[in-house]
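Have the viewer open as you read.

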Amino acid sequence: MNDHAHELGAGLAGTLLRRAVLAHSDSAWEAVHRIARDISAQPATVRPDHASLYRGAPALAYALHTAGHPAYHSALDTLDETVAGLVRAKLATARERMAAGQPPRMREYDLISGLTGLGAWLLHRRTRLELLEYVLRYVVRLLLQPVTVDGRATPGWWTSDCPNGTPDPAWPYGHGNFGLAHGVAGPVALLALCARAGFSVPRQQQALVHSCRLLEQWSIGVPTGGTAWPETVTADRWRQGPPSSAAPGRPSWCYGTPGIARALQLAALACNRASSQRHAEHTLAACLTDPAQLDSLTDATVCHGWAGLALSTAAAAADTAPGSPLPGQAPLLRDRLAAHLDQHPRPDTPGLLTGSDGILLTLHTLTPTRRVAPAWETCLLLN
């Protein structure tokens with residue numbers, strides 16, 4: 001059995017998700033059932049310091065729920081209880097940390113390891129709405145209530161870690177992370193997607209407006225024109241404010257402009273800020289026509305490569321304001337992804353984020369003649 005069987009991003013849970021989505025087109029359910037049996041033969045972790053949307057019981061639950069097959073109803077009922085206990089434990093720890101006035105660890109709130117990811121699961125599943133409400137209240141507080149770092153008021157999502165998610169003396173005051181996978185864009189996107197689905201909590205609109213202003217403020221001019229977001233910022237840079245210009249990072253789903261722009265667009269739509277929506281769409285459009293940014297993509301994966309860029313753009317294009325160039329760009333990016341795969345082999349590893357499953361699922365999703373199971377992209381906070 002693969003040591004990463006229950007990992008969605010880099011393991012067999014990602015394979016299960018892909019095969020389940022494809023089964024809605026090719027009806028190959030026996031292959032799905034076989035993978036599900038193989039994965040379920042090994043206990044899935046539920047430890048709060050290890051389990052998350054992308055690892056352990058929640059990852060398995062996400063894939064089984066997306067499958068939508070009656071064979072999984074009983075297993076999902078059990079997993080609902082398991083994941084609910086995990087959410088409660090993580091919320092209790094987060095509340096204690098907030099009460100102490102300390103900044104969070106990245107893994108407390110991020111999409112991959114933290115409460116944002118578990119909130120995405122609760123939105124996807126919709127069976128424990130009281131827990132979703134608690135997570136949303138936590139996210140609102142995270143976005144609006146500052147913490148003190150080095151004697152100064154700092155955003156509540158500012159982490160005490162270095163960018164790799166661990167404490168580091170080289171980063172004595174932690175860092176601010178803007179990315180969708182590990183930073184503030186994740187909670188913003190979750191809050192916006194929940195608002196779109198009709199779930200609201202007190203001060204949600206205030207948090208969304210505040211987040212729109214934050215992301216617009218830190219959208220920095222790049223030498224080739226347009227704007228882009230920094231992946232991370234130090235405490236010194238935060239105190240100084242955004243620089244007048246900077247070199248853009250890689251246009252990836254996880255840390256780069258595509259994921260952050262989609263989060264800003266979703267937030268703008270949720271709080272009816274047309275100017276913020278235009279800002280998000282123009283920033284993404286400029287990224288897509290900048291050869292310097294596109295040339296920095298070196299693989300086809302969802303996390304760091306062409307697949308993630310194509311999925312983010314397709315999701316944004318479906319919600320654009322009239323006159324946006326994004327709808328015309330989306331099919332071109334699918335072609336760029338296919339062209340890259342003609343020149344380079346796919347990864348020989350499983351998984352949604354860094355493996356071949358995410359690439360194949362992207363190609364399937366962006367091929368309009370096929371019917372795709374709805375809302376599988378919630379784990380990416382794109383839809």
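This is a predicted model: local features need pLDDT of at least 70, side-chain atom pairs count only at pLDDT 80 or more; totals for chains, interfaces and linings use all residues.

Residues are numbered from 1 along each chain as its sequence is written, and side-chain values use heavy atoms, with hydrogens and water left out.

| Helix pair | Axes come within | Crossing angle |
|---|---|---|
| α8 (residues 185–196) and α9 (residues 204–217) | 10 Å | roughly 135° |
| α12 (residues 274–288) and α15 (residues 326–343) | 11 Å | roughly 40° |

Helices here are DSSP runs (H or I, at least four residues), numbered from the N terminus. Axes are lines fitted to C-alpha atoms over the stretch in contact, with angles from 0 to 180 degrees between N-to-C directions.

On the α8 side, Val188, Leu191, Ala192, Cys194 and Ala195 make the contact (heavy atoms within 4.5 Å), meeting Gln204, Ala207, Leu208 and Ser211 of α9.

α12 is likewise oblique to α15. Here Glu281, Leu284, Ala285 and Leu288 of α12 meet Leu326, Gln329 and Leu333 of α15.

Is Met106 buried or exposed? Met106 is buried, at 4% relative accessible area (buried is under 20%, exposed over 50%, partly exposed in between, with a 1.4 Å probe and protein chains only). Leaving out residues up to four places away in sequence, Met106 touches several others, including Cys162, Pro163, His175 and Asn177. Asn177 is 71 residues from Met106 along the chain, yet their C-alpha atoms are separated by 8.8 Å.

Note on methods
Helices (H or I, at least four residues) and strands (E, at least two) are DSSP runs, numbered from the N terminus. Angles under 35 degrees count as roughly parallel, over 145 as roughly antiparallel, 65 to 115 as roughly perpendicular and the rest as oblique.
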